[in-house]
Amino acid sequence: MIFPYDKEYPSPSSVSHVLVYGDHAFLPDLVLNYRKAVVWTDTPLVDCNFPHGDNVVFVPASDFVKGVLENCEVKNVTDVIHKPLTLKPVEMEKEYDMVAVLTQPQRKGHESLSRVLRKLDDELDREVTLRLRVHPAIRLFFTGYKKVKVVDIPDTPAYMDFAKEVGKSRVMLFPSYVEGIGMPPIEATVLNQQVVMGNIDATREFVDVKSAGVTDVKLVRLEGTSHWLLYQLYEEEEYLDLLLKALEDERCCVPRLKAEDMKDAEGQWKKVLELFD
């Protein structure tokens, strides 16, 4: 049986084998009671505060996650199996200049992006549009512009509808400090978008695009938990420079998907399910 990491788990007395899909840092101790648990994980967290035993097999979704697991001296770690890219190529008219999706109040880089956009606002000689989906707690970081017009992404009933809304913008802004994978730049390769991002681990494993260089790292506790993130702080002036170039030239900052096996969803799932044989 397959379970997202954040859902209720079945009783080990009724189910002997489970496949957990998601962040291993939030596994309950209950996984140690199954006959076998396979965890296909893409965590951005770097600590070792999670249950692991002989019955649990960890499948890292990126080299970054594999490194975290090996640093924690976890026994049962497989080769990397990239999670599938389920979004198919979509061609649509670009109605907006930029888009950013910041649905978490931590680690997604809203502080850096806010500073970059204020500098951009001062340098622009025309109005540009920014489509935005943002966590309410950080909404005020993205107000008060003169030439950056913020347009909210509407609520959508399904993931594909949301992807189409995101794809209406030409430049994907991805200011994240750390990712286990980093799907938005990957999806941008099939949404025909440019990407402006920092050159962070994990995401650069999947896409090839000129990015702002990382200049420092910082260990940060995930608020309200015993888990830790390793922020990779990039050069904001370089990020701004790439953004200005992307807005002026559609040939700038076009991402190329490096992990082509992500397109083979059936093949990737087959590799994971074979671990139960």
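Visitor: Which residues does a disulfide join, and what is the S to S distance?

Guide: A disulfide is a pair of cysteine sulfur atoms within 2.5 Å. Here C48 is joined to C72, with S to S at 2.1 Å. The structure holds one disulfide. This is a predicted model, in which local features need pLDDT of at least 70 and side-chain atom pairs count only at pLDDT 80 or more, while totals for chains, interfaces and linings use all residues. Residues are numbered from 1 along each chain as its sequence is written, and side-chain values use heavy atoms, with hydrogens and water left out.

Visitor: Where do C48 and C72 lie, and which parts does the pair tie together?

Guide: Helices (H or I, at least four residues) and strands (E, at least two) are DSSP runs, numbered from the N terminus. C48 belongs to the loop between β3 and β4, and C72 to the loop between α1 and β5, so the pair ties together parts 24 residues apart in sequence. The link of C48 and C72 is left-handed, with -90° about the S-S bond.

Visitor: Is C72 buried or exposed?

Guide: Buried means under 20% relative accessible area, exposed over 50%, and partly exposed in between (1.4 Å probe, protein chains only). C72 is buried, with a relative accessible area of 9%, whereas C48 is partly exposed at 35%. C252, at 15% relative accessibility, counts as buried, and C253 is buried with 7%.

Visitor: How does one read the faces of helix α7, and which of its residues are buried?

Guide: An α-helix has 3.6 residues a turn, so residues three or four places apart point the same way. In α7 (residues 265-273), G267, Q268 and V272 are buried. Seen down the axis of α7, these buried residues fall within an arc of 135° (taken from the directions from the helix axis to the C-beta atoms), so they line one face of the helix. E266 and K270, on the other side of α7, are exposed. Contact means heavy atoms within 4.5 Å. The buried residues of α7 pack against β2 (17-21), β3 (36-41) and β4 (56-60).

Visitor: With which residues is L173 in contact, leaving aside neighbours within four places in sequence?

Guide: L173 lies in strand β8 and counts as buried at 1% relative accessibility. Its contacts, with those neighbours set aside, are M98, V99, A100, L113, L117, L130, V196, Y239 and L243. S62, in the loop between β4 and α1 (63-71), is buried with a relative accessible area of 0%. Residues up to four places away in sequence not counted, S62 touches V80, G180, A202, E205 and F206.

Visitor: How much space lies in the largest pocket?

Guide: Rolling a probe the size of a water molecule over the atoms shows where empty space is left. On a 1 Å grid over the protein atoms alone, with a 1.4 Å probe, a pocket is an open set of points with protein on both sides within 12 Å along at least five of seven lines; lining residues have an atom within 4 Å of a point. The largest pocket holds about 1,100 Å³ of space. Of its 40 lining residues, D42, Q104, K108, M183 and P184 are the closest to its centre. Elements giving two or more residues to this lining are β5 (96-102), α3 (159-166), β8 (169-174) and α4 (183-188). Helix α3 gives the most, with four residues.

Note on methods. Points joined across faces, edges and corners; volume = space filled by probe spheres on them.
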